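Have a look first, then we'll start.

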Amino acid sequence: MNRQKIPFWLRWLAPVVLVITWLGIAGVGGPTFGRLDEVSSNDQASFLPAGAEATEASNWQAKFRDTSEIPAVVIVENEAAFTPAQLGEAAQLKAGIEALKLGSAVVGPLPSEDGKAVQFIVPIASSDELRGKIQELRDVVQPGAPEGTRAFVTGPAGLTADLVNAFGGIDGILLLVALGAVFVILLLVYRSLVLPLAVLLTSVFALCAAILLVFAMAKLGWIQLNGQSQGILSILVIGAATDYALLYVARFREALTHTTNRTKAVLTAWKASFEPILASGATVIIALLCLLFSDLNSNKALGPVAAAGILCSLFAALTLLPALMALLGRAAFWPFRPKLLPDDEREPELVTGLEGQKGLWRATASLVSRRPRAVWVASVLLLLVASAGVLQLKANGVPQTDVILSASDAVDGQDALARHFDAGSGSPAVVVASADAAQEVLDKVKTADGVGDAYLLADGNVPITGAPGTSTVPAVRDGKVLINATLGSAADSIEAEEAVKSLRVAVKEVDAGALVGGVTATALDTNTTAQRDLVVIIPIVLVVILFILMLLLRSIVAPVLLVLSVVLSYAAAMGVSAWVFNGVFGFSGADATVPLFGFVFLVALGVDYNIFLMSRVREESLKHGTRPGILRGLGVTGGVITSAGVVLAATFAALGVIPIMFLVQLAFIVAFGVLLDTILVRSLLVPALAYDIGSRIWWPGKPGRYAGAAALPREEQRTPVVR
């Protein structure tokens, strides 16, 4: 194919049309990025499945109130007991709070037993403006608190607002950090100004398309978008699109050493990279969609959100980037443009597989060929040692006050609340019981371990104290009554979750149909469901990936070994992460969803590098035999896979700039795991194991033009033979 035989529409018109089309997508998708908050929610209760006990209790609770208010707790604390004058000043805060008209009637001031604090319960109408309303409340109570005291706004509303504030960097800082890290890495890899910009442009345009798709799905109510999914979407698209772009660019650069015709080079690179990029993208998409089997709505949402991001990354890498390369040609690599190789160097005749290789990757391939068994055995032992740390992983949930890693007024307020009141004040456990057994259930609740106080609810949210002469009757809805139980421990603590477990057992002894919900029960059910999801989804993902690898490699042995390698790599990454979280960062634990998200991303993305490596190994094996093909494939893909791994690790590490424990932990797990996978597993373990097994790696198939040579002992393969 020469320049004269390539039609004009293919050389110029098609690339220009593709670039203009993507410019249009970016022009619409870019502004939509700032609108994701319109369809995003960080309400933990919405993450639970409909069948969870906390969800059922919440549905009943809604029948006892006219609004969907959530409480904020204002606490004013003094080092000594309040003087009468200070109590008077604190009482005046109520008028200022009520003037804000944030919700229904404000309760308080309620003094503590030690006389060193007072609290107000401030119902806030649940809306998208919660963060702004909490800030208004803080602007009133903090300057208006009596001199010498400290005022905090906490409770469910305050914690939620601070959580939303912590996610505030997702729209800007996170993206800038990720793009900056990728740009620096690409500059170092290519030593070119033009090519990094083309690759970044591909990634950013892919993100714009993904945002459009995700916004539409959320707007239609198909998914529940939250801050976590939003942050992961940006990182995943930037990382994945760059990885696919690096694979295409490597084949394009290689094609330019064989021809002076840039269009021919573009098409050659596209044909060579299409199957591995498509297989890689499809594997990750299907693995992510396995999250739809989750019972947690937050996990279900992440599946299609992330899958949409990978889909857009795939299309951008296979359409926009080739179009840019068709227009730029060799100029994309300026000032180090690839040179045309002499005919005798373009397709070297391989005997050992090391021919034509230089530097680090020749040394690596040489080590693999000389000591394959020692290399893969040592690699496996190292990974097994690292995996031992998994036993130290405490992924059973963390208090909500530990989730926010930055300074938080609400977290400080929870500490103050615990010092002076029942720590569960403002976030009671909610018991829904039969009206016929109301008193018996109430008595049982009051004597339950971990419960400080409890009362039946009358109409208008009035507590029924049971004092002599009280004639108020409880509110009854469809034969059910509502009991509020103040827990003795902070509502987001492990102790409170244990109290809820005991409370559920206790009330069911009196009323088998009783339900226990509330903030603590929601967190408990979320953790329980997440642990169930881990057991269900991991086998599904592994089976799906195994099946795709079998189709791609036309083999059974190779896919099984590759899946085992990524599982071992995942276990090692989680083990090291557990040691780091406990010993270095001093985290109290990990969110129950961290192991599942870490697995899905590490295994799905780790398979990417398996596909990049083994698809090239298979291609070279068809030409030169299995063992020479392994060394050749390792040498020509080593640089691009390492670069892709470093880019992906850097993009996920950028999640660490968001001060949310879940995202910081996920950032470390994926970044470390990807580097481990790239440097050790894909560069040493897999090639050495495949080399040791030889042509049997392709069983039951036999790809290898020189099947006889591939089956020879390694010593004979290293000796040049005359064919």
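**Why the labels fit**

Q: What makes Glu 53 count as buried or exposed?
A: Its relative accessibility is 16%. Buried means under 20% relative accessible area, exposed over 50%, and partly exposed in between, with a 1.4 Å probe and protein chains only. So 16% puts Glu 53 among the buried residues. Bear in mind that this is a predicted model, where local features need pLDDT of at least 70, side-chain atom pairs count only at pLDDT 80 or more, and totals for chains, interfaces and linings use all residues. Residues are numbered from 1 along each chain as its sequence is written, and side-chain values use heavy atoms, with hydrogens and water left out.

Q: How do you know that Glu 53 and Lys 508 meet in a salt bridge?
A: The N to O distance between their side chains is 3.0 Å. Glu 53 sits in helix 2 (residues 53-62) and Lys 508 in helix 17 (residues 494-510), so this pair ties together parts 455 residues apart in sequence. The term asks for a side-chain nitrogen of Lys or Arg within 4 Å of a carboxyl oxygen of Asp or Glu, so the pair qualifies. Lys 508, at 31% relative accessibility, counts as partly exposed. A search of the whole structure turns up 22 salt bridges.

Q: What makes Asp 409 and Arg 138 a salt bridge?
A: Their side chains come to 2.9 Å, N to O, and meet in a salt bridge. Asp 409 belongs to helix 15 (residues 409-420) and Arg 138 to helix 4 (residues 130-144), so the pair links parts 271 residues apart in sequence. Asp 409 and Arg 138 are both buried.

Q: Why are Glu 620 and Arg 616 said to be separated by about one helical turn?
A: Because they are four residues apart in helix 20. Salt bridges with shared partners join Arg 251, Glu 254, Arg 616, Glu 619, Glu 620, Lys 623 and Arg 632 into one network.

Q: How do you know what span to expect of helix 20?
A: Helices are DSSP runs of H or I with at least four residues, strands are runs of E with at least two, and both are numbered from the N terminus. The expected span is 1.5 Å times one less than the number of residues. Helix 20 (residues 594-624) has 31 residues and reaches 44 Å from first C-alpha to last, close to the expected 45 Å.

Q: What makes helix 20 mostly covered?
A: Of its 31 residues, 28 are buried. Gly 625 follows helix 20, with a positive phi near 105°.

Q: How do you know that the end C-alpha atoms of helix 12 agree with its twelve residues?
A: Helix 12 (residues 359-370) should span 16 Å, and its ends are 17 Å apart, which agrees. Among its buried residues are Trp 361 and Val 368.

Q: Which class does Leu 564 fall into, exposed or buried?
A: Leu 564 has 53% relative accessibility, so it counts as exposed. Leu 564 is in helix 19 (residues 557-585). Together with Ile 556, Val 560 and Trp 699, Leu 564 makes a nonpolar surface patch of about 380 Å².

Key. Patches are made of residues with over 30% relative accessible area and no salt bridge: like charges are joined within 9 Å, nonpolar side chains (Val, Leu, Ile, Met, Phe, Trp, Tyr) within 5 Å. Accessible areas come from the Shrake-Rupley method with a 1.4 Å probe; for residues, only the protein chains shown count as cover.
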